[in-house]
Every structure is written in C-alpha cells, then in structure tokens.
Amino acid sequence: MNYLPGTASLIEEIDKKLLVVLRDGRTLIGYLRSIDQFANLVLHRTIERIHVGKKYGDIPRGIFVVRGENVVLLGEIDMEKEGQLPLEEVKIEEILAMQQEEQTVKKQEEEKKKKALVERGIQPHVDQIQEDF
C-alpha cells in the first residue's frame, strides 16, 4: 500500500461506513461518498448517535455534508462487531429526554461552581464557544 498525503488518504475510505465526531460533540455514522482537498465530507445514509450513560439512540439524518474543519475524529466501523455493542438502544424520544436532563444537570453544576468562585472573590472565565452550545 502506498502512502497518500493529506486528505488524499481518505480516498481509500470511500463507500465504507465511518464514524465521525464533530467539534460540537455530535457523533455521526454514515457511508463516505465524497471528499475534497479541504477534507469536507459527504456522508450517505447518515445517523446521528446520541449516547447517555449505557444507552444510545439513533436519529436518521440522510445525506450529510460535513465541513472538514469541524471533524475531530474519523474512523471506520467494523461491520462484524457493530451489532455487539455493550449498550442498550432506546427510542429517539427517550434518548433526547435523557440528553436534555443530562445537559440540565451539567449546567446546574457549572452554575454552582461559578457561584462558589464568585463567593471567594474569583471571577470565573467564560468560554464563549462553550456558552453558544
């Protein structure tokens, strides 16, 4: 096998099922159909997988175009082991409710930390990028 530099190495992944983790934390699973020199991806039959604890839910997304700069991780799915996940699949509505609850708890914990810092006279740093999500 010859080494291909940069995004050209992704040519070997065309038509394979891939997992893509985005900068905003979302996880996509789909078939890679196209790439370009900027590592922009076109995924076909894409699902968005949401994990909460030991449970997960899949939201069908169809054709998905991902800007290359938003990709954090890209990996091939092992088709033989795909059905052997140690996780429980739940309905979309249930996983979305669980995700909302998890985000609410995290936000409350962050608020408590900020309040404790302010009470001690320390001004907490606010990451504007994180606040947007």
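Contact here means heavy atoms within 4.5 Å. The model I am showing is predicted, so local features need pLDDT of at least 70, side-chain atom pairs count only at pLDDT 80 or more, and totals for chains, interfaces and linings use all residues. Residues are numbered from 1 along each chain as its sequence is written, and side-chain values use heavy atoms, with hydrogens and water left out.

Let me start with Glu13. Leaving aside neighbours within four places in sequence, Glu13 is in contact with Leu18, Leu32 and Glu76. Glu13 is buried, meaning under 20% relative accessible area with a 1.4 Å probe, protein chains only.

Now the core. Which residues form the largest nonpolar core? There are 11: Leu10, Leu18, Val20, Leu22, Leu28, Leu32, Ile35, Leu41, Leu43, Phe64 and Val66. Such a core is a set of buried Ala, Val, Leu, Ile, Met, Phe, Trp, Tyr and Cys residues joined through side-chain atoms within 4.5 Å. β1, β2, β3 and β4 each supply at least two residues of this core; strands are DSSP runs of E, at least two residues, numbered from the N terminus. Apart from this core lies another, of 5 residues, including Ile50, Ile59, Val90 and Ile95.

Notes:
Buried means under 20% relative accessible area, exposed over 50%, partly exposed in between (1.4 Å probe, protein chains only). Lys and Arg count as positive and Asp and Glu as negative; His and the chain ends are not counted. A salt bridge is a side-chain nitrogen of Lys or Arg within 4 Å of a carboxyl oxygen of Asp or Glu. Helices (H or I, at least four residues) and strands (E, at least two) are DSSP runs, numbered from the N terminus.
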